[in-house]
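Please consult the sequence and the coordinates alongside the text.

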Amino acid sequence: MSEFDLIVVGGGIMGCSAALRASEGGMRVALVERAAIGSGASGVNAGTLSLQIKRVALMPYAIRGHRWWQKAGDKVGFRRTGGLTLAFNEREATLLEERMRLKIAAGGPIELVTPGFALQREPSLTSRVIAASWCADDGYASANRTGTYLRGLLRDAGVTYLEYSPAEAIDGGDDGFQVVTPLGTLKGRRLLLTAGAWTKPLAAKLGVEFPVHVRVNTVSVLERGPATVGSVIGHATGLLTLKQKADGTVLIGGGWQGRGSSEEGRGEIVPATMLDNLRLARFVVPPLARFRLLRAWTGFEAHVPDFYPLAGALPGIRDAFVLSCVRGGYTIGPYIGRLLGDLILGKEPELKLFDPARFAGPTTALAV
Amino acid sequence: MVCFRFEGAEVKAVAGQSVGVALWAAGIRTLGRNPCDGTPRGMHCAMGSCQECVVVIDGARIEACRVVARDGLVVTAG
Amino acid sequence: MTADHDLIVLGAGPAGASAAIDADALGLKTLLIDEQDAAGGQVWQAPTPAGRPGSASEGETLRRRLAASGVRTAFSQRVWHIEPGFVVSTAGPAGTASSRAQALILATGAIERHVPVPGWTLPGVIGLAAATNFLKAQGVLPGRRVVVAGVGPLLFQVAAQVLEAGGAVAAVIDLNSRTEWLAQARSLATRPELLWKGFSWLARIRTAGVPVLSRHALRRIDGSEGVESVVAGTVDADWAPLPHQERSFQCDAVCLGFGLTPLTDASRLLGARHVYDPSLGGWTVESDADQKTSVVRLYACGDGAGILGAAAAPLRGRIAALAAARDLSRLTQADFAERVRPLRRDLARTARFGLAMAGLTMPRSGLLQAITSETVVCRCEAVTRAALDRAIADGAVTINDLKAATRCGMGPCGGRSCEDAAAALIAARTGHSRERIGTGTARPPLRPLPLDSLLGDFDYEQLPIPAPAPL
């Protein structure tokens with residue numbers, strides 16, 4: 001049995017980023033992942049890197065996360081296309097303006113623009129735009145390429161990683177942690193849980209109960225088609241993300257809900273909801289009517305009641321940490337993962353973290 | 001006999017034949033180019049699975065093997 | 001608009017149509033859905049006026065019986081999603097619809113197993129099953145001068161039919177040796193009428209002086225805008241190419257086939273358990289002697305539940321109908337047992353023949369060696385063998401890994417044309433089992449769908465846009 005300085009449970013963007021940071025800081029790091037690296041929410045989300053849809057309080061994190069993606073560049077299919085957020089009635093226009101002013105104040109490089117600006121930039125948009133905002137930094141990456149990229153980084157950094165090896169048991173004590181997987185038992189001084197929608201049951205194994213809820217987000221992809229829209233398109237409510245990739249395919253998301261649960265490990269689309277998501281997309285960009293729907297799927301997005309991250313020490317358990325429930329986690333993940341890495345290394349993180357103790361309650365059955 | 005157009009040219013088909021088979025019989029094998037490598041593609045499985053015979057009919061992309069030829073159809077390459 | 005039925009049957013080929021007719025007779029309110037405009041499936045497809053009349057007399061009987069039954073039919077409908085429970089979403093000429101039933105029988109049939117050959121994306125290369133459709137249902141020759149290549153009985157059927165329809169056959173190129181065919185003589189003898197058919201095909205091919213190259217494979221297909229010629233060569237017992245034994249043939253079409261593989265996207269979408277069984281055509285939904293899958297009230301029959309051929313299909317369909325009727329309490333266990341007995345007996349007999357034919361087409365390890373590094377494996381995304389080999393060397397061990405790394409299987413066909421070959425490449429390189437390599441995650445829609453037909457007309461104001469995300 002080998003001894004690591006840190007065992008990371010969960011090989012998504014956040015787990016890998018924290019593992020890489022801790023490794024940079026001189027730690028011996030092992031990472032276990034139930035499926036393939038980056039194959040959960042990190043790999044199946046719509047890949048939107050939009051500052052306009054980030055929460056006000058998370059804007060500084062998003063801006064820094066965005067830089068990581070830009071640096072990863074072609075390897076993750078990064079494109080800085082600029083993004084438009086649109087409103088089509090008075091209510092949405094008010095919402096758009098209110099929200100964007102707060103995001104601008106929080107440092108978001110966003111500007112309120114005229115409908116004419118939006119239509120000039122994207123002539124395929126519906127003429128029914130009545131208000132718009134623009135962010136030149138918005139863009140996207142290819143979520144399906146995240147895992148391959150992260151795996152390479154882990155390998156280059158010398159991080160031990162086990163794929164297709166779920167943590168079947170986690171035991172903690174004064175002499176560190178043991179993580180039991182089908183491929184063997186790992187022993188480490190410190191533990192970090194970064195398992196997205198599966199964080200709740202893992203924390204419960206250590207006697208910590210978090211009020212984690214899971215959303216089942218729908219994503220659809222349309223077949224390659226003629227160049228129709230160049231910018232990332234969003235809706236004032238945040239309930240649409242739309243982009244045409246360089247290869248001509250169109251990805252449509254926005255958090256429309258499918259059904260299923262992370263416990264069953266199976267999410268599925270709800271046809272009626274998916275069709276309304278597509279109708280919204282087709283309304284906003286009418287020429288999409290000519291495209292074919294290729295595939296639709298769902299991904300799990302975890303959150304706690306205040307929709308802020310769980311990022312910090314696992315309450316009541318020495319040397320255990322948790323990072324999950326980051327809204328906008330695809331953009332923010334690489335950065336907040338590094339912050340957690342710094343915390344684990346005993347360094348002062350550049351920006352403040354989000355203490356999980358605000359929610360944690362002990363489970364009655366288990367005490368460590 | 002029915003008559004439709006492919007890329008502007010007149011194509012004759014026996015009633016009931018699919019657009020794809022009628023084009024094949026007329027010696028038109030290339031129905032489009034692969035968007036990734038630009039190579040010519042045409043009917044392959046003839047049962048709606050492989051998607052190689054997709055053409056544009058009345059603005060919509062559809063498998064030529066699944067559309068029955070009708071008089072006046074305007075078909076362009078996929 | 002969701003209509004309610006006791007039973008929905010997907011696929012109106014020999015298995016599905018037989019299942020629906022029997023289920024109706026057993027008192028089940030039954031809906032039969034198919035994407036073609038009439039029953040018959042691929043094998044008993046209704047001929048067009050240009051097709052060969054009488055080429056599908058079994059099909060005619062089936063269609064007559066179906067019309068005389070109380071089965072509700074939904075033809076020209078593409079099933080694009082199935083939810084547990086069961087809700088079937090369809091798209092057709094009149095728009096979208098959904099139907100609900102307590103039980104579901106999948107009779108979705110098979111597709112051709114694709115084995116990449118250098119040049120196989122050239123226009124003019126069609127599947128053997130496609131060729132039979134051209135010849136029988138549509139009355140069109142695949143080419144003026146055709147090469148028929150691959151493996152299995154369809155080789156000889158297609159070659160003979162091309163000759164019969166007035167075309168020329170440049171060569172028949174068969175992976176199997178004559179000895180391997182003869183070894184199947186006993187199971188072939190269980191179906192004397194088919195054995196006789198086979199002899200007549202061979203006689204016609206021989207009379208026409210067509211070269212029949214046994215234990216040969218296509219090395220490559222050449223041409224610029226379409227098929228112009230092929231190069232064939234000898235293979236060893238594992239079907240690996242042997243050097244320096246090549247012949248080339250001029251032709252304008254290639255009919256290429258390597259046997260059939262069950263279509264499993266619907267059963268995978270429903271989360272049923274699948275098994276990898278090369279003798280049944282590869283990945284197959286698991287079904288028991290009652291045709292029940294691992295999902296409650298979900299049944300599978302016909303070639304979609306393992307390749308056993310057209311003769312076995314109606315029997316398995318009828319067994320599935322009996323099982324559904326019993327499970328929906330329309331038939332006692334005793335009645336079920338009595339009725340199912342003769343069907344199972346007939347099935348055991350016909351299955352032997354089907355298995356023997358599938359056995360002749362079972363892929364062998366050497367086939368992969370003929371795939372050169374520049375050969376396109378994933379037709380849709382134009383992913384070459386070299387790109388796949390690189391990704392596998394780089395750590396891709398499952399089909400989903402390979403998709404993420406190369407886009408193999410992410411195009412319009414959803415991996416139906418490339419997944420088997422891609423999995424075989426992983427298996428050859430890593431030694432992992434097909435179970436570990438897995439299949440791609442099944443995702444709706446089952447086939448690409450044009451948005452306009454799917455979405456219909458709507459008002460923006462009517463869209464139920466949820467409450468905004470938290471600020």
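Which residues does His81(C) touch, not counting residues up to four places away in sequence? In this predicted model, His81(C) touches Ile269(A) and Pro271(A) in chain A, together with Val87(C), Val88(C), Ser89(C), Leu269(C) and Pro444(C) in chain C. His81(C) lies in strand β4 (residues 78-83) of chain C.

With residues up to four places away in sequence left out, Cys36(B) touches Arg224(A), Cys380(C), Glu381(C) and Ala382(C). The table sets out the accessibility of both residues.

| Residue | Relative accessible area | Class |
|---|---|---|
| His81(C) | 3% | buried |
| Cys36(B) | 35% | partly exposed |

His81(C) is classed as buried because its relative accessible area, 3%, is under 20%.

Chain B also meets chain A, in a contact formed by seven residues from chain B and four residues from chain A. About 530 Å² is buried between chain B and chain A, with 42% of it on carbon and sulfur atoms. One salt bridge is counted between these two chains: Arg61(B) pairs with Glu223(A), and their closest N and O atoms are 2.7 Å apart. Two residue pairs are in polar contact across the interface of chain B and chain A. On the side of chain B that touches chain A, three residues are nonpolar, two polar and two charged.

As for confidence, chain B has a mean pLDDT of 95, and 100% of its residues reach 70 or more. Among the elements of chain B, the lowest mean pLDDT, 93, belongs to strand β6 (residues 60-63), and the highest, 98, to β4(B).

Conventions. Residues numbered from 1 in each chain as written. Chains lettered and ligands numbered in written order. Predicted model: local features only at pLDDT ≥ 70, side-chain atom pairs only at ≥ 80, totals over all residues. Heavy atoms only, no water. Buried < 20%, exposed > 50% of the residue type's maximum accessible area, 1.4 Å probe, protein only. Contact = heavy atoms within 4.5 Å. pLDDT = per-residue confidence, 0-100. Helix = DSSP H or I, 4+ residues; strand = E, 2+ residues; numbered from the N terminus. Buried area = accessible area lost by both parts, 1.4 Å probe. Salt bridge = Lys/Arg side-chain N within 4 Å of Asp/Glu carboxyl O. Polar contact = N/O pair within 3.5 Å; in protein donor to acceptor, adjacent residues only side chain to side chain. Nonpolar A, V, L, I, M, F, W, Y, C, P; charged D, E, K, R; others polar.
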